[in-house]
Amino acid sequence: FPAPPAALLASLLCLSACQSPAPAEPPPPEEVFTFTRENFPRLDGSTSTAPLAEAVCSVLLGESREDTADLVQFSKTTSAYYNLLQGNADLLIVGEPNEEVLEEKERSGFQWEQTPFATDAFVFVVNEDNPVDSITVAEARGIYTGEITNWKELGGADQPIVPFQRNSEAGSQALMEKLVMQGTPMMEAPKDYIVATMGQLMEAVKSYDGSPGAIGYSVYYYAEEMKMAQGLKLLELEGVAPTPETIRQEEYPLINPKYVVIPADAAEDAPNRILYDWLLSEEGQQLVAHEGYVSILEVPS
């Protein structure tokens, strides 16, 4: 066949160049990760964060809180951190680590990602019949060094102060030493004045010797939101009562975060990192607030 004239070739080339490109294929829909019992991270944490963990499991698995209770067997703060360090937990919902945990983390070379997801407060509790309503941080320190021994020194009745303490592994003990004692040694307490659980502490302060002479410490969420302080009174500190408003605005003097913690080498698509990110998202923070915690993000509860 004879070659087409040059003019026709030019027209064909122009037509080809001027045609609109074929429409691009729409991107495939982003795959949404679905939590199941088989892929759900192994959780651990503090006593005061167990209710939140129950809510998280219920929401993400679509089961009742009763049915997901087996996934929330929390071993309390210090044991939870050790479980993470030893590979026996995938994600913690937890309070402050103590010095021993931090030293073990350093020794082992373990790296974690630890981010606050809520704000809590460190509180002192007394029997509701105790006339003292407010103390200072310095007075609290004086009680636990043994310098202040009678409630009359704080404007109360002429009655000995019975100061209960937590065991050294407790998260609230780590907070007491960090926020209140600040390097000052606590007095050596009689064995009967050291209690192993928050519940035991509340009961001891409430009923010790049938009098309102005892004092103890806890975190706000456990004492107030979990209704463990019934029959007790949360003391004001520096004249400020612990409430969600004073905690969020940091008007209350003893504030401490609650953390979500995962190993630093968790992959982007690993279930524990997906859950970690979700707890810090607006949706996760709404659940945090709904459960009565003071969320980091300001979201409707």
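## Basis and overall make-up

In this predicted model, local features need pLDDT of at least 70 and side-chain atom pairs count only at pLDDT 80 or more, while totals for chains, interfaces and linings use all residues. Residues are numbered from 1 along each chain as its sequence is written, and side-chain values use heavy atoms, with hydrogens and water left out.

The protein holds 11 helices and 12 strands. These are DSSP runs numbered from the N terminus: helices are H or I with at least four residues, strands are E with at least two. Of the 301 residues, 46% count as buried. Buried means under 20% relative accessible area, exposed means over 50%, and partly exposed lies in between (1.4 Å probe, protein chains only). Among contacts with a separation of 6 or more, 69% come from residues 24 or more positions apart. A contact means heavy atoms within 4.5 Å.

## Helices H10 and H11

H10 spans residues 271-280 and H11 spans residues 282-290. They pack at an angle of about 65°, with axes 4 Å apart. Axes are lines fitted to C-alpha atoms, for helices over the stretch in contact, and angles run from 0 to 180 degrees between N-to-C directions. H10 and H11 are therefore roughly perpendicular. That class covers 65 to 115 degrees; under 35 counts as roughly parallel, over 145 as roughly antiparallel, and the rest as oblique.

On the H10 side, Trp278, Leu279 and Leu280 make the contact. They meet Glu282, Glu283, Gly284, Gln285, Leu287 and Val288 in H11. By class, this contact has 5 nonpolar, 2 polar and 2 charged residues. Nonpolar here means Ala, Val, Leu, Ile, Met, Phe, Trp, Tyr, Cys and Pro; charged means Asp, Glu, Lys and Arg; the others, Gly among them, are polar.

The buried residues of H11 are Gly284, Gln285, Leu287, Val288 and Ala289. They pack against helix H2 (50-61), E3, H10 and strand E12 (294-295). Gly292 follows H11 and has a positive phi, near 95°. Ser281 sits in the loop between H10 and H11. Ser281 is partly exposed, at 25% relative accessibility. Its C-alpha atom is separated by 9.4 Å from that of Phe117, 164 residues apart along the chain.

The buried set is Gly171, Ser172, Gln173, Ala174, Leu175, Met176, Leu179, Val180 and Met181. Gln182 follows H6, with a positive phi near 50°.

Glu169 lies in the loop between E6 and H6. At 43% relative accessibility, Glu169 is partly exposed. Its side chain makes a polar contact with the side chain of Asn167 at 3.0 Å. A polar contact is a pair of N or O atoms within 3.5 Å; within protein, one must be able to donate a hydrogen and the other to accept it, and residues adjacent in sequence count only if both atoms are side-chain atoms. Beyond its neighbours within four places in sequence, Glu169 is in contact with Thr78 and Asn98.

## Asn130

Asn130 occupies the loop between strand E3 (112-127) and strand E4 (134-135). Asn130 is buried, with a relative accessible area of 2%. Its side chain reaches the backbone nitrogen of Val132 at 2.9 Å. Not counting residues up to four places away in sequence, Asn130 touches Trp151, Pro212 and Lys233.

## Aromatic pairs

The structure holds 12 aromatic pairs. Rings of Phe, Tyr and Trp (its six-membered ring) pair if their centres lie within 6.5 Å; planes under 30 degrees apart count as stacked, over 60 as edge-to-face and the rest as tilted. Phe164 and Tyr193 have ring centres 5.4 Å apart and planes at 50°, so the pair is tilted. Phe164 lies in the loop between E5 (162-163) and E6 (165-166), and Tyr193 in the loop between H6 (171-181) and E7 (194-195), so the pair ties together parts 29 residues apart in sequence. Phe164 is buried, at 3% relative accessible area.

Tyr193 also pairs with Tyr208: the centres are 6.1 Å apart and the planes at 85°, so this pair is edge-to-face. Tyr208 lies in the loop between H7 (198-207) and E8 (214-219), so the pair ties together parts 15 residues apart in sequence. Tyr208 is partly exposed, at 28% relative accessibility. Elsewhere, ring pairs link Phe122, Phe124, Tyr144 and Tyr217 into a cluster.
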